[in-house]
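Colleague: Hi! Could you walk me through this one in plain words?

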Amino acid sequence: MQINKNRKSFILCVKSYGDHRYIDSNEICYFQADNNSTDIHLKNGEMITAFKTLKHFETVLSNPFIRIHNSYIVNRNYISRIHTGNSLCYIKKTTIKLPFSKSYKANVDFIISEFANENYIET
C-alpha cells in the first residue's frame with residue numbers, strides 16, 4: 001500500500017439524481033456498505049447515502065481510507081483505539097466501534113504499524 005503523508009484532503013462529489021454533494025475528505029470518518037449503496041458517516045454525525053457500492057469507494061480511495069471489513073472502510077485518522085482481541089476499531093470522540101474481519105486483518109496490521117511509525121509514545 002502506497003503512503004503519501006503529504007497528501008492534502010480532496011473533495012468527494014456524491015451525485016444523486018440532480019443533486020451534487022461536495023464533501024471534504026477530512027470530514028469523513030468511515031463508509032458503511034448498505035446493499036448496493038454506501039452510507040458515508042461524517043465527523044459531525046451526519047450520514048450521506050451514495051448510490052455506489054463500497055467496492056467502488058475502495059477502488060477510488062487511498063490512504064488514509066482503508067478497508068477493514070466487508071461492510072466498512074475507515075479513515076485511519078479517526079481511529080482512537082484498535083482492540084485486536086475483540087476485532088474492533090473505535091472512532092474518536094464517539095461511542096462507535098467498527099468491527100474488522102480476518103480477511104482484512106492485514107489492513108488493520110498496516111494501520112497499527114503506520115501509527116507506530118509516527119510520533120507517539122508506547123507505554
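Modeller: Happy to! Let's begin with a term: a salt bridge is a side-chain nitrogen of Lys or Arg within 4 Å of a carboxyl oxygen of Asp or Glu. K55, E58 and R67 are linked in a network of such salt bridges. Please keep in mind that this is a predicted model, where local features need pLDDT of at least 70, side-chain atom pairs count only at pLDDT 80 or more, and totals for chains, interfaces and linings use all residues. Residues are numbered from 1 along each chain as its sequence is written, and side-chain values use heavy atoms, with hydrogens and water left out.

Colleague: Are R67 and E58 buried or partly exposed?

Modeller: R67 is buried, because its relative accessible area is 9%, while E58 counts as partly exposed at 25%. Buried means under 20% relative accessible area, exposed over 50%, and partly exposed in between, using a 1.4 Å probe and protein chains only.

Colleague: Which residue forms a salt bridge with D109?

Modeller: That's K105, with the closest N and O atoms 2.7 Å apart. Both D109 and K105 lie in helix α2 (residues 105–116), four residues apart, about one turn of the helix. Helices (H or I, at least four residues) and strands (E, at least two) are DSSP runs, numbered from the N terminus.

Colleague: And where are the two partners of the R21 and E46 salt bridge?

Modeller: R21 and E46 meet at 2.8 Å, N to O. This pair links distant parts of the chain: R21 is in strand β2 (residues 19–24), and E46 is in the loop between β4 (37–42) and β5 (47–50), 25 residues apart.

Colleague: What stands opposite C13?

Modeller: Y22 in β2 does. Strand β1 (residues 11–16) and β2 pair in the antiparallel sense over six bridges; two strands pair if DSSP finds at least two bridges between them. β1 and β2 form a hairpin with two residues between them, and Y17 in the turn has a positive phi of about 55°.

Colleague: What about aromatic pairs, how many does the structure hold?

Modeller: Four. Rings of Phe, Tyr and Trp (its six-membered ring) pair if their centres lie within 6.5 Å; planes under 30 degrees apart count as stacked, over 60 as edge-to-face and the rest as tilted. F10 and F65 form an edge-to-face pair, 6.2 Å centre to centre with 65° between the planes. F10 lies in the segment before β1 and F65 in strand β6 (residues 65–69), so this pair ties together parts that are 55 residues apart in sequence.

Colleague: And which pair is tilted?

Modeller: F31 and F57 form a tilted pair, 5.0 Å centre to centre with 35° between the planes. F31 is in strand β3 (residues 28–34) and F57 in helix α1 (residues 54–60), 26 residues apart. F31 counts as buried because its relative accessibility is 0%. F10, F31, F57 and F65 form one aromatic cluster.
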